[in-house]
Amino acid sequence: MGDEAGEGARRAPMVWAFAVRESAGVLVAEAIVEVGARLHGELVVDAVDSGFVLAAGEPPPTTGVVEVGAQRFERLVLVGGRQVWEPAAGVEVSPGWLAAAEGRGGVVVIVVPPGTWPVGLMSLEPQERVAAFTRSLERARVAGRLLHGTVAIESR
């Protein structure tokens, strides 16, 4: 599990969603992450230690960093580089997402609790999928179960 960021690397079953939204005329890149129940508590501790807060209002700046390379999300680095959360393989991101992230100088990362992704989500039509996922995120936000923060982006 170790790497150049130390023994804090976490390779876990992770579900990622990448979105671009417009806020006050500015494009904002979002990365939404869910890990399984076994590691969720550890991710929450790492996120809070990096400056994430309950998702209400604008996401605050944090000490976190998202690393990307060759149009792939590679990892989320938290706690001053001591904790690294990465998917088993890099996850492809769109050129629009990268442009929004680089244009704003950061990414809004949203940590969601296990079970936020609706069952059967990927079998829905694209517009239905977005609507179902958005409803699920909003329910979790209203319940006070989401964390968010703005992290820097680094190209590798």
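The model is predicted, so local features need pLDDT of at least 70 and side-chain atom pairs count only at pLDDT 80 or more, while totals for chains, interfaces and linings use all residues. Residues are numbered from 1 along each chain as its sequence is written, and side-chain values use heavy atoms, with hydrogens and water left out. Helices (H or I, at least four residues) and strands (E, at least two) are DSSP runs numbered from the N terminus.

**Helix H1**

- Helix H1 covers residues 37-49, and its 13 residues reach 19 Å from first C-alpha to last. That is close to the 18 Å expected, where the expected span is 1.5 Å times one less than the number of residues.
- Leu39, His40, Leu43, Asp46 and Ala47 are the buried residues of H1; buried means under 20% relative accessible area, exposed over 50%, and partly exposed in between (1.4 Å probe, protein chains only).
- These buried residues fall within an arc of 135° seen down the axis of H1, so they line one face of the helix. The arc is taken from the directions from the helix axis to the C-beta atoms.
- Packed against the buried residues of H1 are strands E3 (26-35), E6 (72-78), E7 (83-86), E9 (107-112) and E10 (147-155), with contact meaning heavy atoms within 4.5 Å.
- Just after H1 comes Gly51, with a positive phi of about 110°.

**Nonpolar cores**

- A nonpolar core here is a set of buried Ala, Val, Leu, Ile, Met, Phe, Trp, Tyr and Cys residues joined through side-chain atoms within 4.5 Å.
- The largest such core has 28 residues, and Val66, Leu76, Trp97, Val107 and Val109 have the most contacts inside it. At least two of its residues come from each of E2, E3, H1, E5, E6, helix H2 (95-104), E9 and E10.
- Trp97 touches residues including Phe18, Val20, Ala29, Val66, Val107 and Ile153, leaving aside those up to four places away in sequence.
- Another core, of 14 residues, lies apart from the largest one, and Ala17, Ile32, Val112 and Leu121 are among its members.

**Salt bridges**

- The count comes to 6 salt bridges, each being a side-chain nitrogen of Lys or Arg within 4 Å of a carboxyl oxygen of Asp or Glu.
- Arg21 and Glu30 pair at 2.5 Å, N to O. Arg21 is partly exposed at 29% relative accessible area, whereas Glu30 is buried at 10%.
- Glu67 and Arg75 form a salt bridge with their closest N and O atoms 2.5 Å apart, and both residues are buried. Together with Glu74 and Arg156, they are linked in a network of salt bridges.
- Glu138 and Arg141 also meet in a salt bridge, at 2.5 Å, N to O. They sit 3 residues apart in helix H3 (residues 126-142), which means about one helical turn separates them. Glu138 is partly exposed at 37%, and Arg141 is partly exposed at 34%.

- Most residues other than glycine have a negative phi, which makes the next two worth a look.
- Ala24 has a positive phi of about 50° and is found in the loop between strand E2 (14-23) and E3. Ala24 is exposed, with a relative accessible area of 82%.
- Gln71 has a phi near 60° and lies in the loop between strand E5 (61-69) and E6. Gln71 is partly exposed, at 36% relative accessibility.
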